[in-house]
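Welcome, and take a moment to look over the model below. We will walk through it together, one region at a time.

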Amino acid sequence: MHPYRHAAATPDKAAIIVAETGAVMTYAELDAASNRVAQFFRSKGLAPGDRVAFFLTNVPDYFALAWGAQRCGLRFVCISSKLTVSEVDYILSDSGAKLLVAGAPLGSTAAALTTEIERLSLGGDIPGFAPLEPLLAAQPATPVADETAGAGMLYSSGTTGRPKGILSAMPADPAIDHATPLAMLAHGFFGLGPDSVYLSTAPLYHAAPLGWTMTVHKLGGTVVLMSKFDAEASLRFIEQYKCNAGQFVPTHFVRMLKLPEEVRARYDVSSLKCAIHAAAPCPVPVKRAMIDWWGPVIDEYYAGTEANGFTAIKAAQWLERPGSVGTSIGEAKLHICDEDDVSVGPDVEGTVYFEGPRPFEYHNDPERTAASRNRHGWTTLGDVGRVDEAGYLFLTDRKSFMIISGGVNIYPQEIENHLVGHPKVADVAVIGAPHDDLGEQVVAVVQPLDMADAGDALREELIAYARTALSGPKIPRHIDFMAELPRHDTGKLYKRLIRDAYWAKEVQ
């Protein structure tokens, strides 16, 4: 399906509701707006396969731009609103985008860009940019004559280095309403459909929020779009709009669970039928607490922007196998391989690979592309895990985050999952810092719920808490405090920034 079909069948139905204001964009309005966008892109000489870039906050017109690019065969590059001038310039140059649409709230960064590119502003003036709205208003609200399916060209969040442009194959079926694997999964496994009222809590420039909200539009549901995540506001919007679906990350769950009990009890979330989460492994106690609160509606998947494979698990299945991210869904076959690329047996840890028909490459980076493949041609996102006898995947951590201390391999995720359960901890990152004797030592960087608690007493309390569940090598040798950890809006942690700071000063 495609939004244009819903515009014909249910023109007055809400395609998008702005959570904070209640403003509505109907399917008829979305269809007309995306047609004007497609007509405008064609008027600029943009042909199928060309790239356009969007540098925007969460606004309804994001969807008009994305669907407009999709229906005229373009690759749309969605750029994080958190990036610096040099980082945005890098993506514009690396992607080969021919046109940039920037939102007025990001005007100070956009105005300082140096990349030679056609510049258009949305929602207000930006020096050096032409206003987009009057240009779109001059276009017809009818489809372009040569509609053909386009696709996103998204960049990784850069949590372990420079953002990587992920270049997947263009759709084999050029029809703009072709069935996509994600739409089939969303409907068949997670139960999303025309009755879905889907709370979107994260920034649209990221692959999961953009892909899932556009999938809701394919299925004819309504997207309730938050400008940014807020724990209490999310609960309020679930109640206000009777949201029955939505997507979250473990950090969102932690922040909601640490709201005062009287705040949590204030809101009725019984409308939820499917609360999807992904992006990072969820600590088992956190997910148990969410299921106790919301009921068995917390469903999970594991995948990446690369779309090389997909696993999923329903809440009831997870309760039988706590910590699992599910079984492989779709055409890709799951493998766990050792250092020699040999598939290992059940419950043996190794690198997670997928064998499947969806090729991808890292744009302009043949070395990274080659590193993502083994000798069989299977692809990996760099995660480590194991598969049990029944085919359920359990993730350990990212291979690049592993700490080697005194010859012992230590995965930070296990330590983080335990420490975040402490009632005085809001967030935690565990990294390997340099040590003369051991090579690396375990350091926990903790964001307290109340920064006034930061000090030796809390350090001792957290060390004692760690010893209740973790073996000796995993006990942090240092605990430091930070008012706010550098997390991406999607919940991913910029652990590289923390680790680099320690290696620069060589903590002893």
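## Around strand β13

In β14, Glu300 is the bridge partner of His277. Strands here are DSSP runs of E with at least two residues, helices are runs of H or I with at least four, and both are numbered from the N terminus. Strand β14 (residues 298-302) pairs with β13 in the parallel sense over 3 bridges, where pairing requires that DSSP finds at least two bridges between the strands. Strand β12 (residues 245-248) also pairs with β13 in the parallel sense, over 4 bridges, and Phe248 stands opposite His277 there.

Along β13 (residues 274-277), Cys274 and Ile276 point one way while Ala275 and His277 point the other, yet all are buried. Buried means under 20% relative accessible area, with exposed being over 50% and partly exposed in between (1.4 Å probe, protein chains only). Together with helix α12 (residues 284-294), β13 and β14 form a right-handed β-α-β unit; right-handed says that, with the strands pointing away from the viewer, the path from the first strand over the helix to the second runs clockwise.

## How to read the model

This is a predicted model, where local features need pLDDT of at least 70 and side-chain atom pairs count only at pLDDT 80 or more, while totals for chains, interfaces and linings use all residues. Residues are numbered from 1 along each chain as its sequence is written, and side-chain values use heavy atoms, leaving out hydrogens and water.

## The nonpolar cores

Which residues touch the most other members of the largest nonpolar core? They are Phe253, Met256 and Trp294, in a core of 58 residues. Helix α9 (residues 231-241) supplies the largest share of this core, 6 residues. Such a core is a set of buried Ala, Val, Leu, Ile, Met, Phe, Trp, Tyr and Cys residues joined through side-chain atoms within 4.5 Å.

Leaving aside neighbours within four places in sequence, Phe253 is in contact (heavy atoms within 4.5 Å) with Phe248, His277, Cys282, Val286, Met290, Trp294 and Ile298. A second, separate core has 55 residues, including Phe41, Ala66, Leu154 and Phe310.

For β8, 2 bridges make the parallel link to β4 (residues 75-78), and Gly152 stands opposite Phe76.
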